[in-house]
Amino acid sequence: MESIVNISRYTYPAIETTANYERAQASIATIANLIEQEAFVEAETTVSDAQKLVDSLYQLAQENQKAEAEAKTTAHISIAKGEVIVQRAQYLNASQHAPEQFQEAAEQLKRARQELTAGRYEQAQQFAQRAQQTADETVVIAEAAEFRQRAQRELDRRAAAAQQAVDTLKRKLTAQARTQVPQLEARLYELANTAHVKAKTALANKEYEMAVKVSAEGNDYLERAIANTQRITSAKSDLLKAARQIPKAIVIEQTDSILIRIRGNAFAHGSTQLQKEFAPTFEQLARVLRRDGFSRYPVRIEVHTSALGNANVNRNVSMGRADSIKRSFVEERVNPERLTAVGLGETQPIVKDGANKEEQNRRIDIIIKTN
């Protein structure tokens with residue numbers, strides 16, 4: 001019972017000032033005194049009535065605590081409503097258009113907060129309600145005076161925002177004009193330019209919301225283009241690094257691709273079967289092509305021959321060699337849908353004169369499209 005009394009006091013501290021609290025404490029003290037006197041029968045008889053008093057006290061504490069919480073919540077809500085109306089009045093420049101009423105509402109709201117802090121919730125609610133009424137009157141007075149000024153300021157703001165949006169998009173487009181973005185993401189970059197033209201037209205027609213909207217669309221196109229370009233160039237950098245580790249390979253960076261050139265006698269004369277010593281080169285190349293960052297890039301396999309011998313034979317042999325390389329990649333688990341094999345024979349020499357021209361023209365070009 002003593003524990004329940006303590007819980008009641010913790011639940012609602014003001015319970016200590018009630019008669020129920022005094023009676024419950026007196027009953028507990030009486031029982032304790034009877035126990036000390038070893039009057040156990042009398043103590044046991046008194047326990048039942050005391051228990052009822054304690055239970056009643058606990059119930060009263062809960063009810064009071066609930067009522068106080070409700071009163072506190074009601075006061076909070078009233079103050080919040082008053083704050084909203086006062087803020088509305090402030091938004092309408094009530095301090096300029098209705099200074100006395102606005103000041104009075106603010107003072108009443110301040111007093112309501114003070115009463116709330118002091119725990120006088122009913123008084124807090126009363127002051128908050130007065131603040132609401134005064135603030136409502138203030139809003140009515142200020143609204144008419146503010147309307148035209150506010151409308152013009154809003155129009156000016158929207159015009160400035162639209163102008164800024166259009167100018168910002170133009171600056172961003174200009175900044176990217178000399179980067180790789182227009183090349184690697186030409187479609188998105190063109191969409192961004194088109195959006196800029198539409199936004200300028202909307203601005204000229206004083207369609208400010210449309211100008212902002214279209215500028216935002218253009219900015220989105222441009223940001224996507226930049227992000228895609230960064231992803232492409234980053235992946236391309238990683239691919240270059242990996243490709244340079246491939247034995248017997250020369251790596252050449254191109255605008256939208258990487259060319260891996262393999263020279264030497266990868267095939268015996270007239271054969272379409274890869275030489276064993278070149279197996280590690282193509283196995284490592286296949287591992288590069290399977291890597292997550294590059295696993296979707298299209299791959300073009302070009303085989304070139306020297307100009308020695310019959311041109312038709314050279315073309316057929318180069319095609320057979322290209323197919324052989326493609327099969328070796330497929331066996332190394334490279335997706336065949338990515339692979340295009342082309343035999344070009346002697347039709348695309350890179351060196352036309354010199355003692356070693358035939359050796360240099362005899363090559364295998366693996367072109368990995370990075371865009």
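Modeller: Let's start with Phe 329, which counts as buried because its relative accessibility is 0%. Keep in mind that this is a predicted model. Phe 329 has a ring partner, Phe 282, and the two make a tilted aromatic pair, with 6.2 Å from centre to centre and 50° between the planes. Phe 282 sits in helix H10 and Phe 329 in helix H11, so this pair ties together parts that are 47 residues apart in sequence. Phe 282 is buried too, with a relative accessible area of 3%.

Now look around Phe 282. Leaving out residues up to four places away in sequence, Phe 282 touches Ile 262, Leu 274, Ile 325, Phe 329 and Ile 364. Next, find Leu 285, also in helix H10. Leu 285 counts as buried, because its relative accessibility is 0%.

The largest nonpolar core has 33 residues, and the members that touch the most others are Phe 282, Leu 285, Ile 325, Phe 329, Ile 364 and Ile 366. Helices H9 (208–243), H10 (279–290) and H11 (311–331) each give two or more residues to this core, and so do strands S2 (257–263), S3, S4 (339–345) and S5. There's a second, separate core as well, with 20 residues, among them Ala 75, Leu 92, Ala 94 and Ala 128.

Back to the rings for a moment: the count comes to 2 aromatic pairs. Besides the one we began with, Phe 294 and Tyr 297 have ring centres 6.4 Å apart and planes at 35°, so that pair is tilted. Phe 294 is buried, at 4% relative accessible area, and Tyr 297 counts as buried at 14%.

One last stop is a hole in the protein. The count gives 1 cavity of 30 Å³ or more, and the volume of the largest cavity is about 80 Å³. Ile 364 turns up again here, in a lining that also includes Ile 262, Phe 267, Val 303 and Arg 321. Strands S3 (299–304) and S5 (363–369) each supply at least two lining residues. Sorted by class, the lining has 5 nonpolar, 3 polar and 3 charged residues.

Key:
Residues are numbered from 1 along each chain as its sequence is written. This is a predicted model: local features need pLDDT of at least 70, side-chain atom pairs count only at pLDDT 80 or more; totals for chains, interfaces and linings use all residues. Side-chain values use heavy atoms; hydrogens and water are left out. On a 1 Å grid over the protein atoms alone, a cavity is a set of points where a 1.4 Å probe fits but cannot get out, and a pocket is an open set with protein on both sides within 12 Å along at least five of seven lines; lining residues have an atom within 4 Å of a point. Grid points are joined across faces, edges and corners, and a volume is the space filled by probe spheres set on the points. Helices (H or I, at least four residues) and strands (E, at least two) are DSSP runs, numbered from the N terminus. Ala, Val, Leu, Ile, Met, Phe, Trp, Tyr, Cys and Pro count as nonpolar, Asp, Glu, Lys and Arg as charged, and the others, Gly among them, as polar. A nonpolar core is a set of buried Ala, Val, Leu, Ile, Met, Phe, Trp, Tyr and Cys residues joined through side-chain atoms within 4.5 Å. Buried means under 20% relative accessible area, exposed over 50%, partly exposed in between (1.4 Å probe, protein chains only). Contact means heavy atoms within 4.5 Å. Rings of Phe, Tyr and Trp (its six-membered ring) pair if their centres lie within 6.5 Å; planes under 30 degrees apart count as stacked, over 60 as edge-to-face and the rest as tilted.
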